[in-house]
Amino acid sequence: MNGSQVRDQIILKTLQEELIGPCIYGESFDWQAGTVKKSQLNTPLQSASDNQEILKLPPLQRYGIGVIYPIENNLDSIDDEGLESFSPEDNAEESDVVQPLSKQIKVNYSEGNNDFDISLANARSPSSIGLSFLVDLEKAKFLKFHVRGAFYKAFTVKTDEGYSCKWWKREPVNFNFKIEAVFKNNFFKIALKKYNDEPRFANFYIEGIVRKYHGKSIVTAALVNRNNIVISSAASYTTKNEISLFQSELLVNTLDSMEEVTQAILPYPAQLPSSSDDLSNELLYRSAPTFGKGHGIAVDWQLPPYTKADAICEIYTQALPTFETPSITADIENEGKKLKISMEALSNFEIGGVGEQQLNTLVLWYRKWIDSQKLHASKIKHENPELEKKLKEQSLIHIGKCQLALMRIEEGLHLIKSDDKARQAFKLTNKAMFDQQKRAPKTKRQAVIQDEKISFPDEFKENQNAKGIWRPFQIGFLLMCISGAVDLEHEEHELVDLIWFPTGGGKTEAYLGLAAFTILYSRLVYGEKSEGVQVLMRYTLRLLTAQQLQRAATLICCLEVIRQENKIQGEEFSIGLWVGSKNTPNKRTDARAKLSKLKKNIVSKGQVDNPFLLDRCPYCSAQMGISGKETPFISGYKKNTTQKTVSFICEDETCGFSKGLPVYIIDEDIYDVKPTIVIGTVDKFALLTWEPKIRNLFGIDDNGKRSLMPPQLIIQDELHLITGPLGTMVGHYEPLVEELCSMEVNSGKTIRPKIVCATATTKGFEDQVKKIYGRTRTEIFPPPGLDAEDSFFSKYERFNDGEDKGRLTPGRKYVGICAPGLGSILTTQVRAHSALLFASNRVEIDKRDPWLTLLSFYNSIRELGGALTLFQADIISYLLELKKRYPKFLLPRFLNGGMELTSRLKDDEIPAAITLLERELKHKQFDNDFYNNFADELNTLNIIAPEVVPFTAPILNIITNKNSL
């Protein structure tokens, strides 16, 4: 079983069993006998007659999704005020615009008072579920409805001790019928008692309305429970449970005149795109049409995601909707050949060499791909002529963006070939990036005291997983930006470049490559004038800032080694972390005092606060900070008596930075040293109006004159988070930051800094950049093509061989939970989180690791605080209750509270928490010998205590057949 199969067949199934049901496990039980053994009270049971679920509590307490409730007289439905009503006459003429369903809630229906009322689906206890779809009634002569679900019947059993218990047995329903697709007055109302003799269906109906649209028809059908009930006693509550339909599903097929299934359900009509973003998305996702809309529930259809289809034959409701986004690959293939661009080859770049050939291939393949897009653009079709025209116009805009990117890549490649300094900087950049990959410290080398000296038993080993291969979009981005980095007066220098790639795709590597090139080229060309800050890297979250410090510090160490080896002029390359005083010491006196307190507290075992962040050498991964287990000591933090500050050194004498690391985290040090790269949070720049020494970061001396070049490159990560009040404040300070980063050149032109942003979302990016930075030109990279599946630099990943050849590889799956029946969001969280946590115990041990950790995101500290309380109390107790519904051989899930990852954490707790998340489950000790010994122990236990055989037998059976659990 692979990862996606575990997810779908175990994890998702457990979640569905918890929220929707049924959850059928346990021993066979004669529910009609009227008695129950004491041993069965806390054991899962299923009916002996038909193997259906037995519940020991009312089903309305057990399940909260997929339930169609009876109508209560005190129905707490949505506010209908302001909702428009309409009659069939309103739709007599065909209309290009479909009225939103929120404006179609009340419909005048000629038969009686039971109006077709979609608002029943929006009640707190919904009494209907519905769907809408566009159908060609010229092809579909019949509509076939399938109704599925279950009722629960109450019954009483007595225990051995004479106590009575009210339990519930599941009684599934599954039937279908067809109707002729001819509708009087555009309405239909079907009593289900005509097609099913179950008495509880006496007041269930399928009701619908049909509206004309461009010669086709939009059908809205709803499964409605019109049983009325007043909850006034225990008996009426029992009745409510018995006449509610659980695990409900409504499915519709279209049949032709021969009553054969026909594909007559068409893509659901949508309004014309109202913005360039909407039009762009309409073009990119035109191969992934929507075939229906749900009301109080989701809908789905039997079609793989992102599969082009003009029509389908089946649509159905889905109480727990899921959607799997495609996996993205950055690999580029052409005629079966995969493009690989080697950092090592580019670090030895020569005209006609391997590196140039690889880059020429990238350019050639991109040009051919663009030419193919031009051919596809002319063939774009749409049933709406007006939209087809707009899509063709938008396709030309997309192709133009791709051509611009190609032109900039070619220009960058030409500069590398023709400009000696640019070529040298490019070669050294590739060397630095490859070295950074090899030295990325994944695990710490533990420090110990030997002979009163700090040593490291484990020698440094380069990262064996470092391939030194650029992803094409990364090297493409670097080449594209080179012309603007080399020629400060180039028009592309003031262009804001926005990197968009899925999370984990390598955006950081792309802009770190540009940062390395900018640093090296500036030092090679401008020498000592570029000794100040050259790159500003800004983040919105402290967590991201601390996380990226380690990565960028490794790169800066590699650049410093290269500077020394190549005798590049100027001071050392260095990096500074510029954040608030709650995170790092802002003053040298504070730093020395905190280091003394840290040393004192680890000896006295008092409260330990480590504000120095670095927990390992960024160049050789030697442990820094609090080290040692039995006798703790401080490694790598030293009081510098000359500068009266705290410096970082690597305690491993074999490391190139044993005399000092070029990393600074104290504000006063940063102002004096002026590190090559400064990493900070956006809010830190508010200090500009209060601290005069900040001018040093922009190359301005004490007299207010420019003594060094200002920062040439501003990198803004997570741009999509700069919105709302934070965006307002950032935009307020940005003109000042830009002015301080600007300089006048010999031609008299004022040069503004290059801005590069990375984002996870692209909606409205041009407007956002304009409002924050005041720049009118913004380009996204990689620019999209004509289809979301292929932008040349990224493609949907598909299987290349085997039975699944051509199919999308598994991606991230999203699940939507709307549980009105559970009463509150907190209860829903308890149920859902408990199910996901417990589900990991159902996974084989060697595949369990990814599912043991549940990562939950919240919008505010208040919401997170409430959830943390749940993890410390409610979820722990509910996990024990949940265990009772499953076979006894499944162990209960132990949960030791929860861990938060927020701004409330101490500074040293952030990297520790990230390290904890990276820890894997050690399952290798569960080998064949373990299971053989375990089986022997169980067999011995069976001899000593025969009464446990019913419980140990299933475990022994699994071990015998699979040699695992």
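Q: How many cavities of 30 Å³ or more does a search of the whole structure find?
A: The model is a predicted one, and the search was run over the whole structure. Counting cavities of 30 Å³ or more, the search finds 4.

Q: What is the volume of the largest cavity, and which helix supplies the largest share of its lining?
A: The volume of the largest cavity is about 120 Å³, and 14 residues line this cavity, with Gly484, Ala485, His493, Thr518 and Gln712 lying nearest its centre. Helix H9 (472-486) and helix H10 (507-526) each supply at least two residues of that lining. The largest share, 6 residues, comes from H10.

Q: How many residues of the lining of the largest cavity are charged?
A: The lining of the largest cavity holds 8 nonpolar residues and 5 polar ones. What is left to name in this division is the charged group, and its count is 1.

Q: Is Phe857 buried or exposed?
A: Phe857 is found in the loop between helix H17 (849-852) and helix H18 (861-872), and together with Leu855, Met899, Leu901, Leu916 and Leu917 it forms a nonpolar patch on the surface, with about 600 Å² of accessible area together. Its relative accessible area is 72%, and the cut-off for this class is over 50%, so Phe857 counts as exposed.

Technical notes
Residues numbered from 1 in each chain as written. Predicted model: local features only at pLDDT ≥ 70, side-chain atom pairs only at ≥ 80, totals over all residues. Heavy atoms only, no water. 1 Å grid on protein atoms, 1.4 Å probe; cavity = no way out; pocket = protein on both sides within 12 Å on 5 of 7 lines; lining within 4 Å. Points joined across faces, edges and corners; volume = space filled by probe spheres on them. Helix = DSSP H or I, 4+ residues; strand = E, 2+ residues; numbered from the N terminus. Nonpolar A, V, L, I, M, F, W, Y, C, P; charged D, E, K, R; others polar. Patch = residues over 30% accessible without salt bridge, like charges linked within 9 Å, V, L, I, M, F, W, Y side chains within 5 Å. Areas by Shrake-Rupley, 256 points an atom, 1.4 Å probe, with all protein chains shown as cover. Salt bridge = Lys/Arg side-chain N within 4 Å of Asp/Glu carboxyl O. Buried < 20%, exposed > 50% of the residue type's maximum accessible area, 1.4 Å probe, protein only.
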